[in-house]
Amino acid sequence: MNFVLLFLITIFSLSLFFYGRSKTKSISIEKNIRLNALPKFYGYYLVLWCSIPALVFLLVWSLFEPVIIKSIIIETAANQGAIFNDKNEANLIYEKIKAIHLGTYFGDIDSILKESALAYAKFINIFTNSKVVLIFGIIIASVIYSLKKIKNNNKARDDVEVILKGLLFVSSLIAILTTLGIIFSLLFESIKFFSVINIFDYLFGTNWSPQRAFVRDASSITVAELEELKDAFGFIPLIAGTSFIAFIAMLVAVPIGLFSGIYMAEYASIKVRRISKPIIEILAGIPTVVYGFFAALTVGPFFRQVGENFGLTVSSESALAAGLIMGIMIIPYVSSLSDDVINSVPQSLRDGSYAVGATKSETIKQVVIPAALPGIIGSVLLAVSRAIGETMIVVMAAGLAANLTINPLESTTTITTQIVMILVGDQEFDSPKTQSAFALGLTLFIATLILNYIAQRAVKKYREKYD
Amino acid sequence: MNNIKIKSKNLNVYYGDKQALFDVNLDLNEKEVTALIGPSGCGKSTFIRCINRMNDVIDICKVTGNIEMDGMNINDKDLDVVSLRERVGMVFQKPNPFPKSIYDNISYGPKIHGKGETKSELDQIVENSLKKSALWEEVKDRLDEPGTSLSGGQQQRLCIARAISVNPEVILMDEPCSALDPIATAKIEELIDELKKTYTIVIVTHSMAQAVRVSQKTGFFHLGKLIEVGNTEKIFKNPDNKMTQDYITGRFG
């Protein structure tokens, strides 16, 4: 039904566009007046008036219809004598009624259910009919209103501008609100988690073994069990593993990325630059899962082999392999961003340095890099926040056990890996184990937020200096 | 009449396919100010950038012909550019202090050339350079502050101090006052008068009045050619060439 309505609204709007355009044209010729806007604006004006009120109405209606029908039906069923003790049972009965209506219910149908299903069918019918009538009413009303307006040669251009501005505003509002929604859902689930697990036990605990909380849900947990869970959610091994792998990644990415950025910006000829810069940036376009199996299947076993030759025990899922591959993945971020900031250091500074007799490398080391430093720091921080948020490589190559270790040859785990592990498979939603994923997500979000904020401040400060 | 410090013979400069200078023959006298005038894009800046080989920075730039300083061929492929630039300093159109402290801005050059090995020697160089550029009194109490915190005119004098710091023989100035207000300009002009006692100065300028005020010799460039050169007084009062006459009286340019 909704699709038919949408289709009709589209057809009406389109035909109104052509109508409005030609109508105003003929008005202007007939009465020999100058229009207040180009004819096509009158077309747009009609389209917007025909479609937006109807669409908004349809959206609001579709949101509220199921809720209203549900409450009416549950009430009718209760009046018929159906008995339910809580919300869940009421929902169950409602679902049964719906299934009977659709003919997909195969249980016993008693008179209460039968009556309710009939009532349901009746209400659905009433609601659908009134929806269609109302929509057409709205379309007719708004079209009559807008036609009258354009016949009076209104300032359609300005009106269209205002409506378009409103549309753009609503779009950005949706983007912002969904982001806020995600943040708040993280926050609320985390609060639930922290009502079971003490936040200090979480932040400073050194043991991470959430599987212990698997069987129990939070509402029926006993004091003894709670005591046992106390040290199951220690965050320290995860942040340690995350930082450790990110650190190894930065050890790889910062020098190589920075040096290649300097080469690209200062030494490479235009020709070399034009070819090699996109090639470096391709590295950033490789899906992380590809890096992941490269790390897990090639680099990890290779390190293990090499380690064995030296008599070292190397876990096949090692922090070193994951960090190394992650570092390679991040090189293009560092190199491309630092290339950009080095490039925007004004040539006049280099000239000033050459003019007192400095060589190219002296100039780069003592003038260009210090001038670009805030921007370079910003690009490194962005890379760090990319590294700690990276998931696929560490899931595949870093291991799952929460080891508190600083041996790069052992396996270790990260925040992102644990979130994946917790949420893969069947979950009970109010188990502390599941909720811990939200707490981890929130922690990760806050960490990257702070890093990004500092990075952007640094980059901005740098820009202000030279603009 | 002073000795000839720099001598160019049949100097040609090309940027890619475009020729920017055509057979320029120009002599610059020692401890004198030579002003180069002419409409934008006429090759004045290109010429002075030949003197300290700054054109090397531009990949597509090619220089042919001869340019000598005290008989040494500046254009020689084997010439040590670093020591050339130690002898020929440059001040640019827009003040370009490094994003470092005032002190570090001045000590940068001497350090690169291994001058001022002890802290006190370096302090002395910084002080002398700032005194010579008439900036010392204004900044002596805040040498740690960034050079970029100074006003435009002060920044330009800082850049002059930076050029002086390595004790050059020649100072090239590429429209040093074009970004400055009249008061700051007057200070720089005064400074140039003072500096010519020690240094050979070449100044590119768009201001006829400035050329008259500061220079002893003036060269007029047009479309990459040196049209006329002579004593400043003669060029501005009684030029030989009609084009020079037209330019200085503002009929074109």
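Modeller: A definition to start us off: a helix is expected to span 1.5 Å times one less than its number of residues. Keep in mind too that this is a predicted model.

Colleague: Thanks! How far apart are the end C-alpha atoms of helix 9 of chain A?

Modeller: Helix 9 covers residues 270-285 of chain A, which is 16 residues. At 1.5 Å a residue they should span 22 Å, and the distance in the model agrees with that. The end C-alpha atoms are 23 Å apart.

Colleague: And how many of the 16 residues of helix 9 of chain A are buried?

Modeller: Buried here takes 20 or more other C-beta atoms within 10 Å of a residue's own. Helix 9 of chain A is hardly covered. The count of buried residues in helix 9 of chain A is 0.

Colleague: Let's zoom out. What is the radius of gyration of chain A?

Modeller: Chain A has 16 helices and 0 strands. For its 467 residues the globule rule gives 23 Å, and the value for chain A is well over that, so the chain is more spread out than a compact globule. Its C-alpha trace spans about 80 × 80 × 35 Å along the principal axes. The radius of gyration of chain A is 32 Å.

Colleague: What is the radius of gyration of chain B, then?

Modeller: Chain B has 10 helices and 10 strands. The globule rule gives 18 Å for 253 residues and chain B comes close to it, so chain B is as compact as a globular protein of that length. Its C-alpha trace spans about 55 × 45 × 35 Å along the principal axes. The radius of gyration of chain B is 18 Å.

Colleague: Which element of chain A has the highest mean pLDDT?

Modeller: Chain A averages a pLDDT of 86, and 95% of the residues score at least 70. Among its elements, helix 7 (residues 223-229) has the lowest mean, 69. The highest mean, 93, belongs to helix 12 of chain A.

Colleague: Which helix gives the largest share of the side of chain A that touches chain B?

Modeller: In this contact, 15 residues of chain A meet 22 residues of chain B. Helix 12 (347-355) and helix 13 (360-389) of chain A each supply at least two residues of that side of chain A. By type, the side of chain A divides into 8 nonpolar, 5 polar and 2 charged residues. The largest share, 6 residues, comes from helix 12 of chain A.

Colleague: Over to the strands of chain B. Which strands stand at the edges of the sheet, each with a single partner strand?

Modeller: The order of this open sheet of 4 strands in chain B is 2-1-4-5, with antiparallel pairing. Within it, strand 1 (residues 4-15) and strand 4 (residues 61-69) of chain B pair over 8 bridges, and Tyr15(B) stands opposite Cys61(B). Each edge strand has one side left without a neighbour in the sheet, because it has a single partner; these are strand 2 (18-29) and strand 5 (72-73) of chain B.

Colleague: How many residues of strand 9 of chain B are buried?

Modeller: Both faces of strand 9 of chain B are covered: Lys217(B), Gly219(B) and Phe221(B) are buried on one side, and Thr218(B), Phe220(B) and His222(B) on the other. Strand 9 of chain B is therefore largely enclosed by the rest of the structure, the number of its buried residues being 6 of the 6.

Colleague: In which sense do strand 9 of chain B and strand 10 of chain B pair?

Modeller: Strand 9 of chain B also pairs with strand 3 (residues 33-37) of chain B, in the parallel sense over 4 bridges, where Thr34(B) has Lys217(B) as its bridge partner. With strand 10 (residues 225-231) there are 6 bridges, and Phe220(B) is partnered by Glu228(B). The hairpin of strands 9 and 10 of chain B has 2 residues between the strands, with Leu223(B) at a positive phi near 50°. Strand 9 and strand 10 of chain B pair in the sense called antiparallel.

Definitions and conventions. Residues are numbered from 1 along each chain as its sequence is written. Chains are lettered from A and ligands numbered from 1 in the order in which they are written. This is a predicted model: local features need pLDDT of at least 70, side-chain atom pairs count only at pLDDT 80 or more; totals for chains, interfaces and linings use all residues. The radius of gyration is taken over C-alpha atoms; the globule rule is 2.2 Å times the number of residues to the power 0.38. Two residues are in contact if their C-beta atoms, placed from the backbone, lie within 7 Å. Ala, Val, Leu, Ile, Met, Phe, Trp, Tyr, Cys and Pro count as nonpolar, Asp, Glu, Lys and Arg as charged, and the others, Gly among them, as polar. pLDDT is the predictor's confidence in each residue, from 0 to 100. A residue is buried if 20 or more other C-beta atoms lie within 10 Å of its own, exposed if 12 or fewer, and partly exposed in between; C-beta atoms are placed from the backbone. Two strands pair if DSSP finds at least two bridges between them.
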